[in-house]
Structures are given as structure tokens and as C-alpha cells.
Amino acid sequence: MTEPSKVIHVRNVGHEISEPDLLQLFQPFGVINKLVMLRAKNQALLQMQDVPSAVNAMQFYANVQPSIRGRNVYVQFSSHQELTTMEQNTQGRGDEEVDIFKILSLYLFLFPFLLFSIYSSLFILFSSLSSVYAGLRLDVQVFSPHGYVEKIVTFQKSAGFQALIQFQSRQSAISARNSLQGRNIYDGCCQLDIQFSNLDELQVNYNNDRSRDFTNPSLPSEQKGRPSSQPGYGDAGVGFPQMNNGAAIAAAFGGGLPPGISGTNDRCTVLASNLNPDRIDENKLFNLFSLYGNIARIKLLRNKPDHALIQMGDGFQSELAVHFLKGATLFGKRLEVNYSKHPHITMGAETHEYLNSNLNRFNRNAAKNYRYCCSPTKMIHLSTLPQDITEEEIVAHLEEHGSIVNTKLFEMNAKKQALVLFENEEQATEALVCKHASSLGDSMIRISFSQLQTI
């Protein structure tokens, strides 16, 4: 197996296959930085923004045959870790390097709204200016070259400075996203993370230093007596529900959702039953259910020892857990996972609180974690391993949970990671729930399911 790389090699690329066709194939897995068409060889090289995005694409297409215009194409990691100018220029005659920022996105069903965030230590500067309108004016300068900006709302969230921008046309929004996603406002800082919003219309109530409707200059600057904060609203004068993890979901699934997921569930608490009461506990349930979202609370029902309540971060996360874990086997029992009639778990002596746990997986890189959601598999992926770890030590740490068929130790972004293939899904699930967040050497390891079929 070629070492994982953010560069993907695509074969059997016929002349009827265009650059947007290839982009459509890989856009759901992350940002695409470069695309080189090797027309003379019926091949292409495509560089994702990072290695995890490329790994996720390869894992998906290991199970699903990628096909474009009725032609099967074949993908593998490239031997190149990066597409440099020299490598692109030595591919041969008839090759084309494509500026993917000039290719229109194929997501034509999306509304002309963008949600963007600025990730940088400098975002503090934006919020501490005496007039944040300087930041709002900067938004106009950045986005207006791509089309007429009708409305802007800026607000501060836990992830940093964010904004919603409404363009006059859908094409302008697509152009702005394709051109600016992942780019920096200033050299080396203020990187933009831009996703499409699912809002039909951006409602702006005030023209001030945090929001502005350029189509309606007569709006007031504020509402007298307005409370400092209102539940379900952002920090600016805008009428829309809090975005929650909507941007991360859109980034993970490219505007769609996995088959069987509706995205409409609003019940956060799930009921897991048919557990093995002799072997299960709250932390093991946390290790399993945290694959699908952040965990707020878990409660084992003492009057029903094989039942437990798990409160997820929101309805979408609980829907993922129900969808992917129903029927999974753990400790010799086939799990039943359903929505609970209880909207939340009340605090008490038998309730375990995880709301502020740093082991919750979706506090960071939520989009990446959503892309990795799947039913239990025979293969587990280990990360945050000690740099001097050996395959023998990994086997010794996990072999009590089942028969290990194969292992592979590799390095990604200068960090040691491993794949471990068990004989069946139940053994891999047991290893995950028992050894996730356990100590190995001087490190606390992280374990998740891998969708790869073989090592």
C-alpha cells in the first residue's frame, strides 16, 4: 500500500472526462488545491488540501467504485507528497495544470449565501477595534470582487470571528467560495474557511458595525432597550437560529448527507439497550458514541442494567449514532439504539458528565470527524502514538480483545499512526471501547474505525 499522501493519482481518465468531473468526484472530501490533467496518459494528479482529506477519499472509494460519465476510474495515493512546479512540468507534452479556483462549482442547488470564519491569532484584533466596521469593510473588500454583496452579518463564536454574506446571485457565491476557500487575507495569517449556508434569506435588522443591508440603507442602527443577548440568536442584529455545526456538516458531506441520514432529527438523547451489564460502563459507552458526536451526559439505568441513556451534542449527532450503531455487536450482545423519549438527562448521582471533556472528538476538526463516521468495521485506526512505538507493542496492547490479522505502522505529518485489522467487527469494536484514550508508552492514544478493507 502506497504511503498516504495528499496527492491522488487517477487512472483511466478518458478524453470525455473534464476537470469539473474530477472536482465533483473529490470535492465532498475536502478542499482541492491543484489538479494536473495528464491527457497523453489518460491520467490525472489531484492534490487535496491535507492528507486526512485524501485518506478519507481513498477510504470511501475503496468500497465504492468511482465512475465518471459511465467510465470506471481508478484511484491510488501518488508517490508525490506534494505537486511542485518541477513535478508538474516534467509530466510530458499534452499535460495541463488546471487553476481549480477558476472552475465553477457544480453545486448549483446551493443558495447564494456564504458562511465564513477567520482562523488566526489576529481575529482578536478584529473584535477589539473601536469600530468593528473596519472588519466589516474588510469583508466587503475581500468578497465584493466576486459579485455584488447585498448583506453582511458578523458575529463572534467560540471558533472565532465569523460572518454570513449574501450575494446578489448564486454564481457570485460559487465564484467567491472557489476562489477564496483556504486562502489568507494577509500573508501567512487570517486563513478563510468558507462554506455554503442553507439559509433562504439573510434577515438583517440593523445597519451598524456588526451587520449591514446594502439594499436598505434606512435600517436603524440599533433597537432601544434590546437585551444584550437573546437565546437562539447570534451576536449581531440578525434573525436566524444559531448555526451549531451546520458549516461542519456541509464541509463534510459536500451539501448532501450519507444514505439513510435525514438531518431532520431534533432529539439529542438516545437509548442503548441489550448491553452486557457485566462488561459495560459509562466510559466505554463514551468511547463508542463519541465517534458520532460530542457527548454531554451518560446514565446507566440501574433498574434496567442492560439499558443506558446517552445525550449527544445535538439531533444530527444522535441520528448518526442511531444509524451507524443499531445492530452492532459488543461484548457478545447485539445493540439496540433508538431515540429516547427524554429530551435530556438530568444531573444526579448516577449521571456521568462529559460536557467539558477534552476527549470529545468534535471540539476540533468537526468536518473531518463527520467524514469518518461509519458503522463498526474490522479495521481500527490508531493515532497520537509514541514516536518510538513498534508494531509488537501495539499488538501486545490490543491482542486481548481478539485475533489480530495484520498491522501497519506508518507516519503522517511526522506523527506515528497505525492500522490494526481484527478477525471481525466485534473484536475491533471491543478494542476501541476498551483502549481508546488509554495510555501506551507516554501517550494517550486515539482510536477510530477505518473504512479501509485491507492493509
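This is a predicted model: local features need pLDDT of at least 70, side-chain atom pairs count only at pLDDT 80 or more; totals for chains, interfaces and linings use all residues.

A: Glu16 is partly exposed, at a relative accessible area of 37%. Its salt-bridge partner is Arg71, with 2.8 Å from N to O. Glu16 sits in the loop between strand E1 (7-11) and helix H1 (19-26), while Arg71 belongs to strand E5 (residues 71-72). The two are 55 residues apart, and the pair links distant parts of the chain. Arg71 has 25% relative accessibility. The cut-off for buried is under 20%, so Arg71 counts as partly exposed.

The structure holds seven salt bridges in total. Another one joins the side chains of Glu282 and Arg302, at 3.4 Å from N to O. Glu282 is in helix H8 (residues 282-289). Arg302 is in the loop between strand E15 (295-300) and strand E16 (308-312). The pair therefore ties together parts that are 20 residues apart in sequence. Glu282 counts as buried, because its relative accessibility is 7%.

Glu400 and Lys435 form a further salt bridge, with 2.8 Å from N to O. Glu400 lies in the loop between helix H11 (391-398) and strand E22 (404-412), and Lys435 in helix H12 (residues 425-435), so this contact ties together parts 35 residues apart in sequence. Glu400 is exposed, with a relative accessible area of 61%. Lys435 is buried, at 11%.

What lets such side chains pair? Opposite charges can do so when the charged atoms come close.

Notes: Residues are numbered from 1 along each chain as its sequence is written. Side-chain values use heavy atoms; hydrogens and water are left out. A salt bridge is a side-chain nitrogen of Lys or Arg within 4 Å of a carboxyl oxygen of Asp or Glu. Helices (H or I, at least four residues) and strands (E, at least two) are DSSP runs, numbered from the N terminus. Buried means under 20% relative accessible area, exposed over 50%, partly exposed in between (1.4 Å probe, protein chains only).
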